[in-house]
Amino acid sequence: MSKQYVTEASADTWIEARALRTFCADVFVDAGLPADAAATVADNLVVADLRGVHSHGVTRMEIYTERLRRGLFNPHPRITIDRTGAAACTIDGDNGMGAVVGTAAIGEAIEMAAATGLGAVTVRHSNHFGTTAYYIAKAVARGMFAFVCSNAPPTMAVWGGREPLFGTNPLGYGMPTGRYPAIVADLATSIVARGKILLAAQRGEMIPPGWALDPEGAPTTDPHAALIGAVLPFGEYKGSAFAMLVELLAGRLSGANSLQEVPDFYRDLKRVSNFGHFFLCLDVARFMDMDRFRARVDDMITTLKASKRAAGHAEVLMPGEIETRLQDERLRSGIPLTAEIVRLLETLAARHGVAFPAVSHRPLAAAEAVP
């Protein structure tokens, strides 16, 4: 195994985002999804790659199509939406694709918040739904605060334990701004997203100390030992408390599977997942004039960015700012993909009879500049 610690993907191929989205959608259609659902799931994955969250991007195409092939996703779910109050809703996703169910859920939360000022939605019988930022952005674009979370298969130990009981249980929030990019925080409650450990194992790289425990409860830098051991929560007991919050809202309150009930998404190819999610939206204009609020948030960001720098920091960054910059850049230059991911996608192209999109071996803006 390489003695290099895992880093972001070192790309040698760039693909235009729209072409990659179309390719992924075409593969999903051949795998059995209706065109509209295929477009939603493809968009969800490509947005993750645009934002630099490669662990939740098109690398997931293989497991998504495999679970479709095995009947572990319902390609034609009858999503049941039950408005239990003016601002409360429960959704049964009927084992649909997580991005499809999640998109329906954030839509309900936004609609209720527009009508009443607040919308809260619990979801059961769903699946892996990608990044929380995907849904948060939809609410922020409507001038709303959003909070989104999901439970996941047990891979993380409760603080003080060594047994994987919690999922990495991602959560995120977002808030509209004025002249600055929207605030969008998207994080796992583990010290690192488990997808990054998966990528390290695929690349033969080590992981940093402090990320995970091996099956015996000892700290490890071996990603393979980490994958059969347990990931650690961020901030020790504090991250563990947030993982419990997600489990309470997305798992217990929704009626979805929880803790050990959630099967391993990659290794258990016999049981459906029954993930749970939670969505909350607040209409900012119900609390303050929108222009005044945006100005107040901008003033706060200006103050934070003007603060004295700590050693090793060139600037103060807001939640989601790096990802927004990457997305803007990659919409121009294309999405960088590693050779491993390109081979995976080429295999899927051949398997599903879908033409693989044109690629470049340099960023597209640079490639277009060459005569």
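Is P77 buried, partly exposed or exposed? Select P77 to begin: with a relative accessibility of 22%, this residue counts as partly exposed, where buried means under 20% relative accessible area, exposed means over 50%, and partly exposed is in between, using a 1.4 Å probe and protein chains only.

Before going further, note that this is a predicted model, in which local features need pLDDT of at least 70, side-chain atom pairs count only at pLDDT 80 or more, and totals for chains, interfaces and linings use all residues. Residues are numbered from 1 along each chain as its sequence is written, and side-chain values use heavy atoms, with hydrogens and water left out.

**The loop at P77**

P77 sits in the loop between α3 (61-69) and β2 (80-85); helices (H or I, at least four residues) and strands (E, at least two) are DSSP runs, numbered from the N terminus. Show G93, D94 and G96 as well, since P77 touches them when residues up to four places away in sequence are not counted, contact meaning heavy atoms within 4.5 Å. Then select F293, which is 216 residues from P77 along the chain, and you will find 40 Å between their C-alpha atoms.

**The sheet**

Next, select the strands of the open sheet, of which there are seven, in the order β2-β3-β4-β13-β5-β8-β9 and with mixed pairing; two strands pair if DSSP finds at least two bridges between them. At the edges are β2 and β9 (183-187), each of which pairs on one side only. Neighbouring strands of this sheet are turned against each other by 10° on average, direction ignored. In general, the strands of a sheet pair through backbone hydrogen bonds, either parallel or antiparallel. For one example, look at β8 (residues 171-175), which is joined to β9 by five bridges and runs antiparallel to β9; here L171 stands opposite L187 in β9.

Select A200 in helix α6 (residues 194-203), which counts as buried because its relative accessibility is 0%.

Move on to R51, in the loop between α2 (35-50) and α3.

**Aromatic rings**

Finally, show the rings of Phe, Tyr and Trp (its six-membered ring), which pair if their centres lie within 6.5 Å, with planes under 30 degrees apart counted as stacked, over 60 as edge-to-face and the rest as tilted. By this rule there are 13 aromatic pairs. The rings of F23 and F356 are edge-to-face because their planes stand at 85°, with the centres 5.3 Å apart. This pair links distant parts of the chain, with F23 in helix α1 (residues 17-30) and F356, 333 residues apart, in the loop between α11 (339-352) and α12 (364-369). Y64 and F73 also form an edge-to-face pair, at 6.0 Å centre to centre and 85° between the planes. To end the tour, select F28, Y64, F73, F265, Y266 and F275, which ring pairs link into a cluster.

Notes. Axes fitted to C-alpha atoms, helices over the stretch in contact; angles between N-to-C directions.
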